[in-house]
Amino acid sequence: MNKVETSFLHKNQFGEDFLWGVSTAAFQIEGAPDSDGKGRSIWDVFTSQKGKIKSGHHALTACDFYNSYQSDIDLIRDLNIPNFRFSISWPRIMPTGVLPVNEAGIVYYNKIIDSLLSAGIEPWITLYHWDLPHELEIKGGWTNRESVNWFSAYVEVCVQNFGDRVKNWMVINEPSVFTGAGYFLGIHAPGKKGITNYLKAMHHVTLATTAGAKIIRNHIPDAHIGTTFSCTHIEPATQSSKDVEAAKRVDTLLNRTFIEPILGLGYPQADLPVLKKLNAYIVEDDLNNLSFDFDFIGLQCYTREVVKSSLLIPYIGAELISAEKRNVISTDMGWEVYPPALYQVLKKFNAYKGIKKIIITENGAAFPDTLKNGKVYDIKRTHYIQDHLEQILKAKKDGLNVDGYFVWTLTDNFEWAEGYNARFGLIHVDFDTQQRTIKHSGLWFKDFLS
């Protein structure tokens with residue numbers, strides 16, 4: 001292929017030890033929902049319900065990564081990407097969420113790990129990327145305190161089977177998103193609503209995060225252990241005291257609620273009073289079991305939100321003003337394109353003393369892509385990545401801690417409630433034929449990493 005034009009960026013500017021990679025998630029790419037003994041996940045059930053997913057899409061095939069993993073790993077190698085983040089499907093390993101183990105699932109992920117290592121690509125495992133076994137959801141899922149023990153047993157199985165070759169681990173992906181969307185708003189699996197469900201899930205997920213990390217450390221003392229958080233730069237719509245306070249509450253909810261207890265700071269109840277309701281679910285030694293000394297924290301930032309005060313919105317008294325209403329450039333997800341948000345998020349999280357290392361474990365954009373004459377000229381996505389890398393470089397020059405960047409995502413995939421309508425990939429997928437086509441953004445990234 002011809003060289004793709006590059007910006008003034010060069011990977012050497014980021015330092016020799018800077019980590020470059022691409023991120024994926026099992027449910028979004030694998031398909032094969034009932035192959036080789038796999039059990040149902042909450043997303044298998046949720047996507048089968050009418051009206052839950054845009055355009056009536058489902059993930060029965062997704063990107064068929066279950067069958068095409070080898071050719072996709074070959075593409076990762078061809079793109080010069082040295083690190084690959086993927087998740088383990090809990091119900092593929094443990095169909096009912098608890099023992100016994102499905103050996104076919106173990107064999108499958110061992111094949112992926114071995115294939116990556118053979119290709120010179122470092123595997124980065126995410127243990128939980130939202131696909132809770134449905135059999136556990138019947139018992140209450142993350143609202144059940146037993147979920148901490150369920151998850152711990154699952155982590156034990158994973159580290160015992162994969163820990164001899166995998167050194168990089170992420171425990172749980174974006175807890176604020178799957179608890180908020182899945183247990184409060186009901187727009188993601190499992191479709192539960194209400195503040196009680198949300199608060200129970202929040203606390204149990206936080207306990208499970210640290211419990212899982214301790215298990216990894218116990219089995220693999222030299223493991224590189226992290227966990228990932230969705231984070232968004234928050235700004236008030238005006239400098240009025242009401243809007244400023246509203247923005248503070250939203251910032252607390254979206255950016256502080258999960259990271260602070262893990263750092264030993266407790267839940268930020270003073271700045272978001274509804275979190276005081278958590279005290280009803282905190283028992284015995286919980287507060288001592290919320291924190292863990294992670295080797296790194298993964299941050300996932302895509303945009304900023306502008307907030308105004310609103311007495312009509314319960315619990316937070318705030319409303320997000322959409323990118324459309326603000327008449328700003330946005331992606332297919334309706335998210336504003338605002339690269340400085342990444343710098344601001346890095347600055348915010350650098351203020352915490354307990355974070356050793358920060359890696360941007362997701363960043364990317366969904367834009368409408370057109371396959372024409374065998375090519376996809378996605379210049380908007382290319383510019384999006386370049387502009388966000390500029391912000392990382394600015395952060396590094398200002399002395400901020402940031403040690404890696406993983407693009408979301410490798411291939412167009414099943415984007416949760418958006419179905420196949422939102423394309424984030426560096427590689428275009430024809431979902432009828434499963435044909436892969438490297439986009440302009442992928443070719444640019446390849447040259448950048450060469």
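This is a predicted model: local features need pLDDT of at least 70, side-chain atom pairs count only at pLDDT 80 or more; totals for chains, interfaces and linings use all residues.
## H7 against H9

Let's start with two helices. Two packed helices are described by the angle between their axes and the distance between the axes. Here, helix H7 (residues 147-162) packs on helix H9 (residues 195-219) at an angle of about 30 degrees, and their axes are 9 Å apart. Angles under 35 degrees count as roughly parallel, so H7 and H9 are roughly parallel to each other. The crossing, as H7 passes H9, is right-handed.

On the H7 side, the contact is made by Ser147, Val148, Phe151, Ser152, Val155, Glu156, Val159 and Gln160. H9 brings His204, Leu207, Ala208, Ala211, Gly212, Ile215, Ile216 and His219. Sorted by class, the contact of H7 with H9 has nine nonpolar residues, six polar and one charged.

## Aromatic pairs on H7

Now for the rings. The model has a count of 43 aromatic pairs. One of them is Trp90 with Tyr154: the ring centres are 4.7 Å apart and the planes sit at 10 degrees, so this pair is stacked. Trp90 belongs to helix H4 (residues 90-93) and Tyr154 to helix H7, so to speak two distant parts of the chain, 64 residues apart, linked by the pair. Trp90 is buried, with a relative accessible area of 0%, and Tyr154 counts as buried at 0% relative accessibility.

H7 also takes part in a pair through Phe162, whose partner is Tyr109 in helix H5 (residues 103-118). Because Tyr109 lies in H5 and Phe162 in H7, the pair ties together parts that are 53 residues apart in sequence. Tyr109 counts as buried at 0% relative accessibility, and Phe162 is buried with a relative accessible area of 0%.

## An aromatic cluster

Rings also gather in groups. One aromatic cluster is formed by Phe27, Trp43, Phe46, Trp130, Phe414, Trp416, Tyr420 and Phe431.

## H14 against H15

Here is another helix pair. Helix H14 (residues 379-397) and helix H15 (residues 440-449) have their axes 7 Å apart and pack at an angle of about 40 degrees.

From H14, the residues in the contact are Ile379, Arg381, Thr382, Ile385, Gln386 and Leu389. H15 supplies His440, Ser441, Trp444 and Phe448. By class, the contact of H14 with H15 divides into five nonpolar, four polar and one charged.

## The enclosed helix H8

Helix H8 (residues 175-183) is largely enclosed by the rest of the structure, because eight of its nine residues are buried. The buried ones are Pro175, Ser176, Phe178, Thr179, Gly180, Ala181, Gly182 and Tyr183.

What covers them? The cover over the buried residues of H8 includes strands S3 (122-128), S4 (168-173) and S5 (224-230). Helices take part too, including H6 (134-137), H9 and H10 (241-256).

At 1% relative accessibility, Thr210 counts as buried. Leaving out residues up to four places away in sequence, Thr210 touches Ile262, Asn289, Leu290, Ser291 and Phe292.

Note on methods. Residues are numbered from 1 along each chain as its sequence is written. Side-chain values use heavy atoms; hydrogens and water are left out. Axes are lines fitted to C-alpha atoms, for helices over the stretch in contact, and angles run from 0 to 180 degrees between N-to-C directions. Helices (H or I, at least four residues) and strands (E, at least two) are DSSP runs, numbered from the N terminus. Angles under 35 degrees count as roughly parallel, over 145 as roughly antiparallel, 65 to 115 as roughly perpendicular and the rest as oblique. A crossing is left-handed if the near helix is turned anticlockwise from the far one by less than a right angle, and right-handed if clockwise. Contact means heavy atoms within 4.5 Å. Ala, Val, Leu, Ile, Met, Phe, Trp, Tyr, Cys and Pro count as nonpolar, Asp, Glu, Lys and Arg as charged, and the others, Gly among them, as polar. Rings of Phe, Tyr and Trp (its six-membered ring) pair if their centres lie within 6.5 Å; planes under 30 degrees apart count as stacked, over 60 as edge-to-face and the rest as tilted. Buried means under 20% relative accessible area, exposed over 50%, partly exposed in between (1.4 Å probe, protein chains only).
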